[in-house]
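Colleague: Hi! Could you walk me through this structure?

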Amino acid sequence: MTSPRPYGLLAELTHRCPLSCPYCSNPLELTAREEELPAEVWVRVLAQAAQLGVVQVGFSGGEPLLYRDLPRLIATARSEGMYSNLITSGLGLDAARVRELRSEGLDAVQISLQADEATLGDEVAGASAHERKLEAARTVVAAGFPLGLNVVLHRRNIDRLDAIIALAESLGAMRLELANTQFYGWAFRNRTALLPTLEQVRHAEQTASRHAARLAGRMQVIYVLPDYYEQRPKPCLHGWASRSLTVNPRGDVLPCQAANAIPDLAFDNVRTHSLGWIWRESDAFNRFRGFEWMPEPCQSCPERERDFGGCRCQAALLTGDAANTDPVCEFSPDRAVVDAILAEPAADAWTYRG
C-alpha cells in the first residue's frame, strides 16, 4: 500500500502540567521529566517531518512552556518551513515569553479555558488559573498573534455557552473550538461525572450554531458533538495514519494522540527509527490504514470512505478490540455498550489528573 502524505505533526514535548483537569486525554501513566526527548532529537524529528511533507506542527503537552528548549524547536520549525502553533494552558505566557517565542518564529497560539468565570474555571483546572489565562490571552492578542481558544465541554460547563462565547469574543479570539469531552485517558475514567445529558448537548449545539452565524467572518466557532450521542462514527483524523502523526514526550510515534488506549499495539520510537520509516513501514501505522482491515458491517458499508471506520481507540476501550466496528455506529453489534454508558447515573465528583 502506498502511504499517504502527513500534513500535521503534534509534538507532545512534556506531560508536565500546572493543571489537573479531570478530562485530560493523556494516558494515566505520564512520562517522567527524565524520560523526555532531548532537544537534539526533537530537532532531528522536525527536520524529518518536513521531509515527509508536514506543513504544520503543534507544540503541546502537558504544558509545552515547561519544556526548556521550546524556543529552539520553534526556530527549527520555522527554518524547516513549517507553520507552528503553541497549544498551551497560558500559564507562564507573559509578555516577555510572548516576545521571545514570536522572535523565534511562532505563528499562532491556542489557549485552553475551562469556563467563562473563575470559580468554575479554577475548580475544573484544579488550580488558580482562570485570571492568568485571560491575561495571557490578552497578551497574545496585543502581540499580534492569531488567538485560538479551546473549551472542553462537559456536564458542568456546557450550559454556559452564551457566556463562554461572549468571553472569547471580548478577548479577540479568531477561533473558538467547543469540543465535547473525548473519553480517553483521565476523561474515560471520569466519564460519568463529565458526560452531559442529551438535552444539554442538543441545546448547546443550537446555541453554538446561532453564534457561529452571528460571528461569521469575525470569529470561527466550531462545535464538536460527543461521540456517544452520535449514530454514526466521526471520520477520526480523516482516517488512521492518513494525514497526521503524534510524537509523545518519550519519543513514541502514534497515529493519533490517544492511540495508547490500544494495548496490543506497539509504537516505534524516534530514538531508534526515522520518522519516515515509522510513517511508511511500522505496524502501528499500517494496522488500520485504508480499508482492508475492516470487519463487517464496515467492509461493505457505503459510508466507509466518509467515516473510515470511526475511532480505533474508542473501539479498543469499549469493546476490547481495536479492529471492531466503532461501537458508536448504529450498525455496530456493540452499540449496546454505548447505550449502557448513556444510561449510567451521573457521578457527583471526578478524580483529578495526578
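Predicted model: local features only at pLDDT ≥ 70, side-chain atom pairs only at ≥ 80, totals over all residues.

Colleague: Okay! What is the strand order in the open sheet?
Modeller: The nine strands run S7-S6-S5-S4-S3-S2-S1-S8-S9, with mixed pairing. Strands here are DSSP E runs of at least two residues, and helices are H or I runs of at least four, numbered from the N terminus. Two strands pair if DSSP finds at least two bridges between them.

Colleague: And which strands are at the edges?
Modeller: Strand S7 (220–224) and strand S9 (253–254), as each pairs on one side only.

Colleague: How do S1 and S2 pair, parallel or antiparallel?
Modeller: Strand S1 (residues 8–12) and S2 are parallel, over five bridges. Leu9 stands opposite Val57 in S2.

Colleague: New topic: which residues of helix H2 are buried?
Modeller: In H2 (residues 70–79), they are Leu70, Pro71, Leu73, Ile74, Thr76 and Ala77. Buried means under 20% relative accessible area, exposed over 50%, and partly exposed in between (1.4 Å probe, protein chains only).

Colleague: What do they pack against?
Modeller: Helix H1 (39–52), strand S2 (56–60), strand S3 (83–88) and helix H3 (95–104). After H2 comes Gly81, with a positive phi near 80°.

Colleague: Where is His15?
Modeller: His15 is in the loop between S1 and H1. With 4% relative accessibility, His15 counts as buried.

Colleague: What does His15 touch?
Modeller: Leaving aside neighbours within four places in sequence, His15 has contacts (heavy atoms within 4.5 Å) that include Asn26, Glu36 and Arg353. A polar atom of the His15 side chain also lies 2.8 Å from the backbone nitrogen of Thr31.

Colleague: Now rings! How many aromatic pairs does a search of the whole structure find?
Modeller: Six. Rings of Phe, Tyr and Trp (its six-membered ring) pair if their centres lie within 6.5 Å; planes under 30 degrees apart count as stacked, over 60 as edge-to-face and the rest as tilted.

Colleague: Why is the pair of Trp350 and Tyr352 called edge-to-face?
Modeller: Because their planes are at 80°, with the ring centres 6.4 Å apart. Trp350 counts as buried at 13% relative accessibility, while Tyr352 is partly exposed at 33%.

Colleague: Which residues form a cluster through ring pairs?
Modeller: Trp240, Phe288 and Trp293 are linked that way.

Key: Residues numbered from 1 in each chain as written. Heavy atoms only, no water. Polar contact = N/O pair within 3.5 Å; in protein donor to acceptor, adjacent residues only side chain to side chain.
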